Amino acid sequence: MKLTIGSKTDATILPEPFCGRHHLGFLIEVSSSQVHMSVGSARTSLACHHRQSCFLKLDVIAMKLTFLGAAGTVTGSKYLIEAAGQRYLVDCGLFQGLKELRLRNWDQPPLNPSSLRAVLLTHAHIDHSGYLPLLVKNGFRGPIYCSSSTADLCEILLPDAGHLQEKDAEFANRHGFSKHKPALPLYTEEDAREALKLLKRVPFDVEQAVGDHVQMVLRRTGHILGAASVQVKAEGETIVFSGDIGRYNDAIMVDPEPVASADYLLLESTYGDRTHDQLDPKKTLGDIIASTVARGGTVVIPAFAVGRAQSLMYYLEELRAAGHLKNVPVYLDSPMAADASDVFCRNLKDHRLPEPECRRACSVATYVRTTEESKALTANPVPKVIISASGMATGGRVLHHLKRYAPDAKNTILFAGFQAAGTRGAAIMAGVDSVKIHGEQIRVRAEVQNLSMLSAHADSNELIRWLRGFGRAPRMTFITHGENHSAEALRQRIEHELGWRCHVPRHLEAVELQ
Ligand SMILES: [Zn+2]
């Protein structure tokens with residue numbers, strides 16, 4: 001029997017042990033001094049010095065990690081772990097932003113989804129969960145472990161993502177946008193509902209078996225409702241996936257919980273090269289609204305209906321209670337915002353607000369559900385605040401509002417979170433003259449502002465603060481979930497300030513953890 005091992009080495013398996021000391025049941029004859037071979041899914045390297053032609057050294061590689069997304073970008077989080085003869089995916093997100101990234105969603109994944117034992121989910125954001133329906137459509141049948149709030153949010157977000165994919169395909173077909181005839185959705189609302197059946201809710205801070213000799217623990221990271229870091233224990237090693245780390249001393253979300261130790265760490269770096277403004281978010285928000293309304297304008301806030309919308313409503317309610325925002329109506333224009341607000345007020349353990357305060361904050365806005373109501377809102381000239389998805393202006397109803405309000409200097413477009421490269425949000429923030437919406441070039445004359453302090457992501461200082469909670473340095477820290485300049489800046493900072501070994505992985509890079 002002849003095997004090809006790796007790209008260069010040929011090895012021959014002979015039918016008997018070749019020396020008295022190594023009873024492996026087979027003999028490997030190799031042309032190089034050392035060879036790696038596969039035994040089940042664990043890779044073993046063998047060397048023996050008892051016969052010149054053979055070299056055997058037992059060296060089991062415990063885990064292998066492959067970066068299937070969020071390497072050099074903030075989207076598409078997907079990490080494959082191969083451990084204890086099993087395969088797991090940590091996060092299963094969609095690529096968003098630049099076209100070259102979005103096209104990756106259509107690539108055949110470099111693994112057979114049915115070979116995965118389970119998916120472990122850090123949180124519900126689409127760039128961490130939005131590929132699940134496709135994974136299930138392509139054969140994955142295992143459990144998807146996540147926190148209870150993450151499951152609640154996925155129940156809202158994933159069907160909506162499927163619905164949007166269907167609408168986009170329909171729109172492209174109607175207007176002849178697509179090269180593909182007919183344009184097909186990546187997945188449908190129905191596919192998303194199939195994926196939801198596999199969600200398995202697990203409590204925070206409790207060790208949970210997820211396979212044979214493999215355990216996980218979820219720890220809160222603030223960020224959005226239900227967000228967690230995932231600790232995986234297998235083969236005597238501990239690997240921690242930070243997920244997205246939230247902010248400290250946030251008015252609503254809890255502080256990120258420290259992790260005692262990890263042999264390996266995957267760390268997000270969204271704001272790895274930046275710190276947030278120290279301004280008071282309530283006052284800044286109030287000032288921007290007041291000056292816009294004073295000139296007869298409307299404030300359009302592109303914000304995700306889940307998470308940012310609730311934070312914004314909290315501050316708006318505080319402003320209203322303090323006597324501001326008189327005669328300024330607030331609208332939350334998103335079909336799923338009311339459901340998201342309800343999930344928020346039901347999962348009180350995952351944030352700081354007591355229920356009455358939560359309900360009060362969520363009722364500051366008029367919820368706009370139907371398309372007709374949304375259109376009526378656009379036609380209404382009264383100065384107002386409109387919060388509408390999506391947060392990076394990549395799709396959703398906010399596009400109709402931007403078409404209407406962006407060309408007029410009276411209005412303000414107010415961002416409240418990270419704007420990934422390639423999104424309309426990033427282009428508007430960069431000061432472009434116009435953006436393309438629904439095939440039309442729309443001029444941007446409105447004032448553009450960003451409440452970066454309302455971001456759900458830790459800044460560079462807060463990431464370092466979270467790392468200081470570790471009792472010892474991991475053997476290696478992999479810096480992911482950041483554009484290259486952010487990941488690189490954070491790598492340098494961690495190496496310099498903490499003396500930890502860091503690596504910024506490339507897309508599809510595979511690393512053996514031994
Ligand atoms: Zn997130």
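Student: Okay, two strands pair if DSSP finds at least two bridges between them. So which residue in β21 stands opposite V299?

Tutor: That would be V385. Strand β18 (residues 299–302) and strand β21 (residues 385–388) run parallel and are joined by 4 bridges. Strands here are DSSP runs of E, at least two residues long, and helices are runs of H or I, at least four, numbered from the N terminus. Residues are numbered from 1 along each chain as its sequence is written. Remember that this is a predicted model, where local features need pLDDT of at least 70, side-chain atom pairs count only at pLDDT 80 or more, and totals for chains, interfaces and linings use all residues.

Student: And what is the bridge partner of V300 in β22?

Tutor: I413 is the partner of V300. β18 pairs with strand β22 (residues 412–415) over 2 bridges, in the parallel sense.

Student: Which residues of β18 are buried on each side?

Tutor: V299 and I301 are buried on one side, and V300 and P302 on the other, which leaves both faces covered. Buried is 20 or more other C-beta atoms within 10 Å of a residue's own, with C-beta atoms placed from the backbone.

Student: New topic! In what order do the 7 strands of the open sheet come?

Tutor: The order is β12-β11-β10-β9-β8-β7-β28, with mixed pairing. β12 (199–201) and β28 (510–513) are at the edges with a single partner strand each, so one side of each has no neighbour in the sheet.

Student: How many bridges join β7 to β28?

Tutor: There are 4, and β7 (residues 63–67) runs antiparallel to β28. L65, for instance, has V511 in β28 as its bridge partner.

Student: Now the helices: at what angle do α4 and α8 pack?

Tutor: The angle is about 170°, and the axes of α4 and helix α8 (residues 337–346) are 10 Å apart. Axes are lines fitted to C-alpha atoms over the stretch in contact, and angles run from 0 to 180 degrees between N-to-C directions. α4 and α8 are therefore roughly antiparallel, the word for angles over 145 degrees.

Student: Which residues in α4 meet α8?

Tutor: S149, D152, L153 and I156 in α4 meet D339, A340 and V343 in α8. Contact means C-beta atoms, placed from the backbone, within 7 Å.

Student: Last one: what is the mean pLDDT of the chain?

Tutor: The mean is 87, and 87% of the residues reach 70 or more. pLDDT is the predictor's confidence in each residue, from 0 to 100. Over residues 1–60 the pLDDT is below 50. Where pLDDT is low, the predicted coordinates should not be read in detail.

Note on methods
Contact = placed C-beta atoms within 7 Å. Parallel < 35°, antiparallel > 145°, perpendicular 65-115°, else oblique. Buried ≥ 20, exposed ≤ 12 C-beta atoms within 10 Å, placed from the backbone.
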